[in-house]
Amino acid sequence: MRSGLPLGPGSIGIGLTSSAGPAEDAVRRLRREAYAAADCGFDGVTLSEHHGGFPGYFPNPILLCGLLLADMRHGWAAASPSILPLRNPYSVAEDLAWIGAAYPGRVAAGFVPGYQERDFDAVGADFETRSATFWSHLSTLTGVLRPTDVPHPVLSADAAIADARVRDLTVLVGVAGPLGARRAANADVGLLLMSLDSAAATAALIGHYEEAGGKRSCVLIRRVWVGDSATADRRHDLWSQASSGREKWLTTSPNSVISGEPGAVATTLVDDLRTSGASALNIRVNVDKANPADVLRQIELIGAEVLPRVRSSMGWQVPEPSTALTRGIQS
């Protein structure tokens, strides 16, 4: 099974993270890793949003996805998750549509309400109303981009928006419980399933989603390190230190990195996919202050020795190179 859609069923993406140090170095490293991931067998890459230097995250992943696609010879890029209440949904729709026009079939997005108050403080947004704002913004965003919705009286004249409506761009949401899963199904969007949730808890969430009529992609996030996980486990401590202390879920699973030799890692990933019922996978190599060469080596190892095992066990096809534009220039 493989739909060919970014973040679609049967896809395996990798979540790339920001590194400590100068921003210029972080961007250079990010571009190298995205290029390597696309060439090592990943279907695409994802970036996640936080503000104020939160470890491993980016303040504008949608913008950076456009940058990465210019370097990647094939594969897709998705801001997933991006914090939707921090942004104007009409502008988000335009941004996604125009990046999609530059790289047809290679763009998707996942959104969350956000949980860090400092993210909202950074842009002057209201933290307390974030859930209501999220669902309102999501309805606006999908209404602009979805072919079945009434065209926007102004934005429908935008050529990129018109194209995006035809393509039906993949949109996922991260939710915390049954109500959110049902709302996602009613909104006709997919699910982004967080890395710290057990496979059993994820299965329950997908069950609520499907019972409510949800039919879109359900993407399971898992943190992976081929070899000893001691380095990767430190990421959890950094999250906790950078958080406000109100996020109790951050303390529930301090050793959530799937580690070991490639066969064991693949077996655990397959077990979690089957138990949860997820239709796609997003792998995170979450380390801090690691040698960039070590991270690239992880991307290569996972691509060469883990992904083929997962795809074979799940019946997922090997990705085919995209025929879409590369470096923004048609050959």
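1. Basis. The model is predicted, so that local features need pLDDT of at least 70 and side-chain atom pairs count only at pLDDT 80 or more, whereas totals for chains, interfaces and linings use all residues. Residues are numbered from 1 along each chain as its sequence is written, and side-chain values use heavy atoms, with hydrogens and water left out.

2. Overall make-up. The protein has 11 helices and 9 strands, taken as DSSP runs numbered from the N terminus (helices H or I, at least four residues; strands E, at least two). Of its 331 residues, 53% count as buried, where buried means under 20% relative accessible area, exposed over 50% and partly exposed in between, with a 1.4 Å probe and protein chains only. Among contacts (heavy atoms within 4.5 Å) between residues at least 6 apart in sequence, 76% join residues at least 24 apart.

3. Helices α2 and α3. Helix α2 (residues 61–71) packs against helix α3 (residues 89–102) at an angle of about 5°, with the axes 10 Å apart; the axes are lines fitted to C-alpha atoms over the stretch in contact, and angles run from 0 to 180 degrees between N-to-C directions. That angle makes α2 roughly parallel to α3, a label for angles under 35 degrees, with over 145 counted as roughly antiparallel, 65 to 115 as roughly perpendicular and the rest as oblique. On α2 the contact is made by I62, G66 and L69, and on α3 by V92, D95, L96 and I99.

4. The whole structure holds 12 salt bridges, each a side-chain nitrogen of Lys or Arg within 4 Å of a carboxyl oxygen of Asp or Glu. R29 forms one with E33, their closest N and O atoms being 2.7 Å apart; because these residues are 4 apart in helix α1 (residues 23–39), about one helical turn separates them, and both R29 and E33 are buried. R31 and D71 meet in another, at 2.5 Å from N to O, which links helix α1 to helix α2 across 40 residues. R31 is partly exposed at 33% relative accessibility, while D71 is buried at 9%.

5. Further salt bridges. The side chains of R222 and D272 meet at 2.8 Å, N to O. Because R222 lies in strand β7 (residues 218–226) and D272 in helix α10 (residues 262–276), this pair ties together parts 50 residues apart in sequence. R222 is buried at 4% relative accessibility, and D272 is buried at 16%. Elsewhere, R146, D168, D188 and R216 are linked in a network of salt bridges.
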